[in-house]
Amino acid sequence: MSTVLIVVALIVAFVIIVAVVLYTGPGRGSGHSALKRRFGPEYDRVLALHDGDSKAAGHELKARVERHGRLRPEPLPDAKREQYVARWAALQERFVDSPQEAVAQAGQLVARLAQERGYSEGTRYDDQFDALSVHHAHQIDGYRRVHHAASEKGRGASTEELREAMVGAHQLFERLILAHPGDGGDRTTRGTGRNRNFSLRPKGSGV
């Protein structure tokens with residue numbers, strides 16, 4: 001092969017490599033697609049917070065995964081699990097007469113449960129939220145909504161808005177109750193052993 005042909009072949013190969021890098025580089029390709037699949041609505045929320053900057057949104061979410069991705073839930077004894085389920089059932093009944101108070105206490109209950117499972121202290125809301133969003137991204141919005149409803153800004157929420165917040169928080173509560181040590185991502189072990197005896201569905205109150 002002549003020297004000219006070798007040089008041409010090298011140039012063509014170089015152009016192909018550059019094209020591949022540009023196509024799959026930062027802000028494109030499987031990296032952001034994987035984050036979007038993993039975080040779902042949370043990805044869209046973070047993207048909006050960064051004014052549509054997918055690179056900045058990806059950087060924030062990747063940082064969360066690096067900080068909290070290896071976290072595995074701490075064991076929850078059966079007696080504790082029963083106590084939490086009983087407390088939630090009581091809050092559902094309280095919602096009928098005092099929806100605002102019930103929603104506020106629901107947020108506190110989920111915060112304590114999350115802390116007991118190893119997701120940072122409930123008083124460190126931002127850090128706890130980030131950790132939960134890595135492992136339960138599709139259920140985290142309800143937790144955020146009950147915190148908002150319990151705040152001064154949420155005081156004007158309607159009963160229906162409070163009910164929806166309570167239902168959303170219950171989804172995360174259920175995940176935290178049933179998750180086993182070693183579960184990762186959004187996976188949850190459902191209905192095994194004594195867990196089948198726990199009714200986590202709303203009762204009577206419409207919640």
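Which residues in α5 meet residues in α6? Keep that in mind while you look at the whole chain.

**The whole model**

This is a predicted model, in which local features need pLDDT of at least 70 and side-chain atom pairs count only at pLDDT 80 or more, while totals for chains, interfaces and linings use all residues. Residues are numbered from 1 along each chain as its sequence is written, and side-chain values use heavy atoms, with hydrogens and water left out.

Show the protein as a cartoon. It has 9 helices and 0 strands (DSSP runs, H or I of at least four residues for helices and E of at least two for strands, numbered from the N terminus). Buried residues (under 20% relative accessible area, with a 1.4 Å probe and protein chains only) make up 38% of the 207 residues.

**Colour by confidence**

Now colour by pLDDT, the predictor's confidence in each residue, from 0 to 100. The protein averages 77, and 70% of the residues score at least 70. Select helix α1 (residues 3-24), where confidence is lowest, at a mean of 47. Then select helix α5 (residues 78-95), where confidence is highest, at 96.

Next select residues 14-30, where pLDDT stays under 50. The model has 5 contacts (heavy atoms within 4.5 Å) beyond four places in sequence for residues 14-30. Over residues 184-206 pLDDT also stays under 50, and the model has 47 such contacts there.

Two packed helices are described by the angle between their axes and the distance between the axes. Here axes are lines fitted to C-alpha atoms, for helices over the stretch in contact, and angles run from 0 to 180 degrees between N-to-C directions.

Select α5 and helix α6 (residues 99-116): they pack at about 165 degrees, with axes 8 Å apart. They are therefore roughly antiparallel (an angle over 145 degrees). To answer the opening question, show K80, Y84, R87, W88, L91, R94 and F95 in α5, which meet α6 residues including P99, A102, L109 and E116. The contact divides into 11 nonpolar, 1 polar and 6 charged residues (Ala, Val, Leu, Ile, Met, Phe, Trp, Tyr, Cys and Pro are nonpolar, Asp, Glu, Lys and Arg charged, and the others, Gly among them, polar).

**Helices α8 and α9**

Last, select helix α8 (residues 140-150) and helix α9 (residues 159-178). They pack at about 135 degrees, with axes 7 Å apart. Show I140, G142, Y143, R145, V146 and A149 in α8, which meet α9 residues including E161, M166 and L172.

Technical notes: Parallel < 35°, antiparallel > 145°, perpendicular 65-115°, else oblique. Buried < 20%, exposed > 50% of the residue type's maximum accessible area, 1.4 Å probe, protein only.
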